[in-house]
Amino acid sequence: MDNFREEVVVRRNRLLNDLLYALAWVGIVIFGLIALMLLQGTIMVLNFNLPMIAVMLVTGGLAVLLFLKKDVLRTEYEYTFTNGELDFARVYGNNKRKELGSMRVKNVDACGWVTHQSFQRYINMPGVRKDNWFLNRDANLFYFYFVKDSAKRIIVIEPSKEMADLIRQYAAHGAFQG
């Protein structure tokens, strides 16, 4: 029998992010209109005024930058567990997906809850790269410590109790630490 579990982690308190997302759209429209009006004024008058062109480029650039980065405010993480294989992905705005990586749970050196004392031992080691793939700081966070290509790494995620039990079941003997 296959063990499969897929979870999507969303931000619990989204009020601030939703307000910032709405402000981003307002900024896109306002900066875009200003840039278009300045472009139209420059073309109609054929007066290539350097400050006016600079303001046009800055406002147009801000509109484009806001458009490209607005979906970061609606980030979700997706964890997929299949028979000891754990896949991670970041989803932006429910339409752009970025694969973060994949790991075999039996290959990790240590794993467990962040509240356990072993986490502090691993996080304080010199040269450890830490990846935070979670959204809610007050959630029950889980860590994986492993060494790949002589680089020490810790990944912190936000799984449910059921997924943590599956991870514990497939972890190597002695790897799960509290």
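Author: A salt bridge is counted where a side-chain nitrogen of Lys or Arg is within 4 Å of a carboxyl oxygen of Asp or Glu. By this rule the count for the structure comes to 13 salt bridges. The model is predicted, and its residues are numbered from 1 along each chain as the sequence is written; local features need pLDDT of at least 70, side-chain atom pairs count only at pLDDT 80 or more, and totals for chains, interfaces and linings use all residues. Side-chain values use heavy atoms, with hydrogens and water left out.

Reader: What makes K70 and D71 a salt bridge?

Author: The closest N and O atoms of K70 and D71 are 3.7 Å apart. The cut-off is 4 Å, so the pair qualifies.

Reader: Why is K70 called buried?

Author: Buried means under 20% relative accessible area, exposed means over 50%, and partly exposed lies in between (1.4 Å probe, protein chains only). K70 has 7% relative accessibility and therefore counts as buried. D71 is also at 7%, which places D71 in the buried class.

Reader: How do you know that R129 is partly exposed?

Author: The value for R129 is 49%, which falls between the limits of 20% and 50%. R129 forms a salt bridge with D131, with the closest N and O atoms 3.4 Å apart. D131 is buried, at a relative accessible area of 10%.

Reader: What makes R153 and D131 a salt bridge, and where in the chain do the two residues lie?

Author: The N to O distance between the side chains of R153 and D131 is 2.6 Å, so the pair meets the 4 Å rule. The pair links distant parts of the chain, 22 residues apart: R153 belongs to strand β8 (residues 151–157) and D131 to strand β6 (residues 128–133). Strands (E, at least two residues) and helices (H or I, at least four) are DSSP runs, numbered from the N terminus. Both R153 and D131 are buried. Elsewhere, R5, E7 and E162 are linked in a network of salt bridges.

Reader: Why is I155 called buried, and which residues does I155 touch?

Author: I155, in strand β8, has 3% relative accessibility and so counts as buried. Leaving aside residues up to four places away in sequence, I155 touches M103, D131, W133, F142, Y143, F144 and F146; contact means heavy atoms within 4.5 Å.

Reader: How do you know that the buried residues of α4 are on the same side?

Author: In helix α4 (residues 161–170), M163, A164, L166 and I167 are buried. These residues cover an arc of only 160 degrees around the axis, which puts them on the same side of α4; the arc is taken from the directions from the helix axis to the C-beta atoms. K161, R168 and Q169 are exposed on the other side of α4. The cover over the buried residues of α4 includes β1 (4–9), β2 (75–82), β3, β5 (110–113) and β7 (142–148).
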